[in-house]
Amino acid sequence: MRVELSVNGDLYRRESEPDLTLLALLRDVLELTGTKWGCLTGDCGACTVLVDGEPIVSCLQLARQVEGREVTTVEGLAGNGALDSLQAAFVSNGAAQCGFCTPGMIVSAEALLRARPSPSEAEIREALSGNLCRCTGYNKIIDAVLEAAGSRGAAA
Amino acid sequence: MAELFVPQTLDEAVGFLESHAGSATPIAGGTDVMIDLRTGGVRTEWLVDLSSLGSLAGIDLDGEQLRLGALTKIRALEVDSRLARRATALVEAARVLGSVQIRTMATLGGNLCHATPSAEMPPALLVHDAVVEIAGAAGERSLPLADLFAGPGRTTLEPGELLTAVRLRIPASAAGSCYLRQTVRWSMDLAGVGVAASMEVDGAAIVQARVALGAVAPVPLIVPEAAEAVVGSELSPATALEAGARAAAACSPISDVRGSADYRRAVVSILVQRALRIAWLRATGDWPEGLLAPINGLLAEEPA
Ligand SMILES: Cc1cc2nc3c(=O)[nH]c(=O)nc-3n(C[C@H](O)[C@H](O)[C@H](O)COP(=O)(O)OP(=O)(O)OC[C@H]3O[C@@H](n4cnc5c(N)ncnc54)[C@H](O)[C@@H]3O)c2cc1C
Ligand code: FES
Ligand code: FES
């Protein structure tokens, strides 16, 4: 079966198994390995990507079901090799320990900031409640999102 | 490995499901099916992808009649400001289901058709006398939502039938509803107990009420005798207590990691009292419009 998918602005056409997940397609076929392979049960959020700007877990998403829609992975956030302000805030706040949850955290936070440019701390916690961090660095992650919201607000 | 069939019309979907009865499974958001496939809970030759059937998604409010398409995303219910004012229990149930990612994918129809005893949406719909619309090769039919559930993971849908919509009545004024749940963790947890209540008020008296429970029986339950305890007067601590006791007596919870049967019964009684109180405050205009309740309904000024 053929899938035709728009990822980070590029159009890909590939032969694939009909029940291939978006996560498997991104990592194993397109070799976009920023999106992580965690629980495969929708619980951890490490595989979070945006579809038409909304966050979903790609481990439970059939690739075929997102044909004709725009997929954004963590690789799609950095422009011209430079980190975007949210990614930079994760670095400067030390919001990653092992880093496994980080792409999912950043993609979820990006979706939040697009919808609510100045979120409260409670809104950030709610938006990230589907993203688990086994290294338990949640406070620094929240600090990073707050800082990114502030810097984007100042730049706007 | 399953093959994928992508129907473009409802007729095509129903026709395929009928001719492949026993070997085809509908997939909507996939948040239950994909896990069932992975764990072996579901084995199927064909997945029938409903996601192209755009006409099955949508929230239509016409006067007091609300129609929710089966493919409506839980996230769409959560963020609908009309529902927050008029059918608050639906929004309170939607906002606690899974995570933002799960709600963005999950559909209302999938939540009902998976028939998980602890599912969030059934109690919130049952207190609005919801009716489900069903399409099959033999035509259309409808039935009260309560009659959709046959047991854990089982519905009364015939092979080949699809849920197309849920219809409910949401009174325009002097009415209120509420959905509360008890969980071990605040988010990303399934309900240990889910409780919904609704009521209509005339003057100072409750003229109609509903109480429904999730996670405390093999199927979501309506408890008419609990609702009857509060009808005919204003809500008082005594009538709410009686309703809570009747609801606790009507349920048949199991003991598991989310709580013992006795604990769950005790929680049912408490949550029914809190949900009735919040529905009452909403119905009588003493609650800020559109403001959602704390997830477990515990209000700061509530007597201990
Ligand atoms: C991490 C995680 C957390 C979750 N948390 C919660 C929670 O807190 N509360 C809760 O209630 N649920 C929860 N769920 C369960 C799930 O997200 C919901 O049940 C969801 O609403 C299912 O909808 P779907 O569209 O994804 O269904 P699918 O997985 O596509 O389908 C579910 C079932 O319904 C059938 N089906 C789907 N649509 C139709 C239709 N129109 N007609 C006939 N049959 C149909 C399918 O064949 C399948 O059997 C969670 C799931 C995950 C993965
Ligand atoms: S890998 Fe998808 S949610 Fe964990
Ligand atoms: S930094 Fe290790 S899982 Fe989050």
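**Close-up views of a predicted two-chain model with ligand 1**

Residues from chains A and B surround ligand 1, so the site is shared between chains. The model shown in every view is predicted.

**Figure 1. The surroundings of ligand 1.** There are 35 residues around ligand 1. Those that come nearest are Pro26(B), Thr31(B), Asp32(B), Thr107(B) and Glu120(B). Because both chain A and chain B contribute residues around the ligand, the site is a shared one.

**Figure 2. Polar atoms of chain B facing oxygen atoms of ligand 1.** Pro26(B) places a polar backbone atom 2.6 Å from an oxygen atom of the ligand. Pro26(B) is also one of the residues that come nearest to ligand 1. For Val33(B), a backbone N or O atom is 2.8 Å from an oxygen atom of ligand 1. Arg181(B) takes part through its side chain, where an N or O atom lies 3.4 Å from an oxygen atom of the ligand.

**Figure 3. The interface of chain A and chain B.** The contact joins 27 residues of chain A to 26 residues of chain B. About 2,100 Å² is buried between the two chains, and carbon and sulfur atoms give 61% of this area. Ten residue pairs, both members at pLDDT 80 or more, are in polar contact across the interface of chain A and chain B. On the side of chain A that touches chain B, the elements giving two or more residues are β4 (54-57) and α4 (121-127) of chain A. The largest share comes from β4(A), with four residues. By class, this side of chain A has ten nonpolar, eleven polar and six charged residues.

**Figure 4. The salt bridge between chain A and chain B.** One salt bridge is found across the interface of the two chains. The side chains of Glu126(A) and Arg103(B) form a salt bridge, with an N to O distance of 2.7 Å.

**Figure 5. The two domains of chain A.** The domain assignment divides chain A into domain 1 (2-77) and domain 2 (85-155). Taken over C-alpha atoms, the centres of these two domains are separated by 21 Å. Domain 1 of chain A gives 16 residues to the contact and domain 2 of chain A gives 13 residues. Between them the two domains bury about 1,200 Å², with 68% of it on carbon and sulfur atoms. The interface of domain 1 and domain 2 of chain A has zero salt bridges, while three residue pairs are in polar contact, both members at pLDDT 80 or more. Strand β3 (residues 48-51) of chain A gives three residues, the largest share of the side of domain 1 of chain A that touches domain 2 of chain A. That side of domain 1 consists of eight nonpolar, six polar and two charged residues.

**Figure 6. A salt bridge between two loops of chain A.** Over all chains, a search of the whole structure finds 23 salt bridges. One pairing is that of the side chains of Arg69(A) and Asp52(A), at 3.2 Å from N to O. Arg69(A) is in the loop between β4 and β5 (70-72) of chain A and Asp52(A) is in the loop between β3 and β4 of chain A, so the pair ties together parts 17 residues apart in sequence.

**Figure 7. The domains of chain B.** For chain B the domain assignment gives domain 1 (3-49), domain 2 (54-169) and domain 3 (175-283). A distance of 35 Å lies between the C-alpha centres of domain 1 and domain 3 of chain B.

How values were computed
Residues numbered from 1 in each chain as written. Chains lettered and ligands numbered in written order. Predicted model: local features only at pLDDT ≥ 70, side-chain atom pairs only at ≥ 80, totals over all residues. Heavy atoms only, no water. Domains from an automatic or database assignment. Contact = heavy atoms within 4.5 Å. Buried area = accessible area lost by both parts, 1.4 Å probe. Salt bridge = Lys/Arg side-chain N within 4 Å of Asp/Glu carboxyl O. Polar contact = N/O pair within 3.5 Å; in protein donor to acceptor, adjacent residues only side chain to side chain. Nonpolar A, V, L, I, M, F, W, Y, C, P; charged D, E, K, R; others polar. Near = heavy atom within 4 Å.
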